[in-house]
Amino acid sequence: MTAKLPIISSTSSVFDAAYALAHVPCAQVNTRFRAGLAVFLGAGNVYTLNSGLASFYLVLEALKAVSSKKDVILPAYTAGSLIVAVKKSGLKPVLCDISLEDFNSGADDMRAAVTGNTLAVVCVHMFGIPVRGMEDLGSRLPGGVFLIEDCCQAMGSRIKDKPVGAFGDAVFFSFNRGKNLSANNGGCIIARDSALEEPLRVSMKACALPGSMDWAGAFLKTCLFMAGTNPYVYGMAHSLAAGFRETSPPDDLSVQAMGNFQASLGLRCLRKTDALFMARYRNGVALLQGLTGVPGVRLPRILPDVLSVFNRLPVLLEDAGLLEHVQKILWRNGIESSRMYVKPLHHMFDLGYKQDDFPNACYLADHLLTLPVHPGVRAEQIKTIIDTIRGLV
């Protein structure tokens, strides 16, 4: 039987799932999870929902309650689901190119895209790499322009002595499968601008509650994900698992309050964040060090005052024709890699841009390969990844 290391993996154990199941009837479990998040993130009120995407949507709805502006600035390379939320809110997506230094849209670039109709700038900490210049961007934006932090891939990352999520007027996280802290689903919002608190409270009161049997489906999905990402099971069933992956943005989104099972599982995982996050950091750094200096491979530049809790490690192969071959050989050697998003946003959606706009985002989409860094990755597998890429590129 051939073991295959998946690109993402479960960080929950059978004991975590059993704990979450036992605490489904607990009326205070969601409150306890929110309180734990508030302490960890240094926040006041934390609002928990059924997904990170639903969290972003409610942030936009709160902004609409305090401003009539319409433009939302986003990096040209990020999850297409963000466009779905912006459009559902009746707002206009405005794109900004990314940098090939750290694969994010930098603060200076996003600031330069601001106009008189800009409602918000969305800084996305892609791959767990914090956005450059994040710490003072808010103070450099004109009055009436809100700063949103998308921390869905970056929970635990830090800029100097502050965690990502400490800088935005509104911040949202995801706890979906494969995220740095995973409850197998769910998300949360932090409003650091007091003007957003009341509209968020109103929106949360209107949120649908999970169904009475929601916990059963959540428990089953958690168990299947735990079993399915075991390397030996994954080696046999990876083609079946591929059928459940989201390969294109959703047509719509649902907004619900977080269920007790997800809150219980999140609370359990919150207790071991130090170990989970440090494993991602160490694995990412080991891959960066091992691949530094390889001709034809471009790596993200991580600033010295930044700690990146990597969600995946992104690398660019200058010869895009090698991508499929490298993936095949890595898989043959027991390692799954991923192309992530294969198109920039203006190729996924008709947003009024030309196909060759945002050349850096186009280049990233065409040349990107992401590598696993989750806590299930072992030292010998990191060596295999490094040796394979060094031998092929």
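This is a predicted model: local features need pLDDT of at least 70, side-chain atom pairs count only at pLDDT 80 or more; totals for chains, interfaces and linings use all residues.
**Cysteines**

I checked Cys 188 and took the distance to the closest cysteine sulfur, in Cys 152. The sulfur atoms are 8.8 Å apart, which is too far for a bond; the cut-off for a disulfide is 2.5 Å. Cys 188 is buried, and its relative accessible area is 0%. I then turned to Cys 223, which is in no disulfide either; the nearest cysteine sulfur belongs to Cys 269 and is 13 Å away. Cys 223 has 27% relative accessibility and counts as partly exposed.

I traced an open sheet of seven strands in the order 1-9-8-5-4-2-3, with mixed pairing. Its edge strands are strand 1 (46–49) and strand 3 (92–96), each of which pairs on one side only. From one strand to the next I get an average twist of 25 degrees.

I went through some of the pairings. Strand 5 (residues 146–150) and strand 8 (residues 170–174) run parallel and share three bridges. Within that pairing, Glu 149 has Val 171 of strand 8 as its bridge partner.

I looked for helices on this sheet. Helix 4 (residues 81–88) packs on the sheet and touches strand 2 (71–75), strand 3, strand 4 (118–124), strand 5 and strand 8. The direction of helix 4 makes about 180 degrees with that of strand 2. Helix 7 (residues 197–206) also packs on the sheet, in contact with strand 1 and strand 9 (187–191), and its direction makes about 30 degrees with that of strand 1.

**Strand 9**

Which residues of strand 9 are buried on each side? I find Gly 187, Ile 189 and Ala 191 buried on one side, and Cys 188 and Ile 190 on the other, so both faces are covered. Five of the five residues are buried, so strand 9 is largely enclosed by the rest of the structure.

I then listed its partners. Strand 1 is joined to strand 9 by four bridges, and the two run antiparallel. Here Leu 49 stands opposite Gly 187. Strand 8 is joined to strand 9 by five bridges, also antiparallel, and Phe 172 stands opposite Ile 189.

Strand 12 (residues 313–317) and strand 13 are joined by four bridges, and Pro 314 has Thr 370 in strand 13 as its bridge partner.

I checked burial in helix 14 (residues 359–367). Ala 361, Cys 362, Leu 364, Ala 365 and His 367 are buried there. The cover over these residues includes strand 12, helix 12, helix 13 (345–348) and strand 13.

**Helix 8 against helix 10**

At what angle do helix 8 and helix 10 pack? For helix 8 (residues 214–228) and helix 10 (residues 260–270) I have about 45 degrees, with the axes 8 Å apart. The two helices are therefore oblique to each other. The contact is made by Asp 214, Trp 215, Ala 218, Phe 219 and Thr 222 in helix 8, which meet Phe 261, Gln 262 and Leu 265 in helix 10.

I looked up Glu 336, which is in the loop between helix 12 and helix 13. Is Glu 336 buried or exposed? At 9% relative accessibility, Glu 336 counts as buried. Its side chain reaches the backbone nitrogen of Ile 7 at 2.8 Å. The side chain of Glu 336 also makes a polar contact with the side chain of Tyr 234, at 2.9 Å.

My last entry is Ser 10, in the segment before helix 1 (14–22). A polar atom of the Ser 10 side chain lies 3.1 Å from the backbone nitrogen of Ser 12. Leaving aside residues up to four places away in sequence, Ser 10 touches Phe 225, Met 226 and Thr 229.

Note on methods
Residues are numbered from 1 along each chain as its sequence is written. Side-chain values use heavy atoms; hydrogens and water are left out. Two strands pair if DSSP finds at least two bridges between them. A polar contact is a pair of N or O atoms within 3.5 Å; within protein, one must be able to donate a hydrogen and the other to accept it, and residues adjacent in sequence count only if both atoms are side-chain atoms. Contact means heavy atoms within 4.5 Å. Buried means under 20% relative accessible area, exposed over 50%, partly exposed in between (1.4 Å probe, protein chains only). Axes are lines fitted to C-alpha atoms, for helices over the stretch in contact, and angles run from 0 to 180 degrees between N-to-C directions. Angles under 35 degrees count as roughly parallel, over 145 as roughly antiparallel, 65 to 115 as roughly perpendicular and the rest as oblique.
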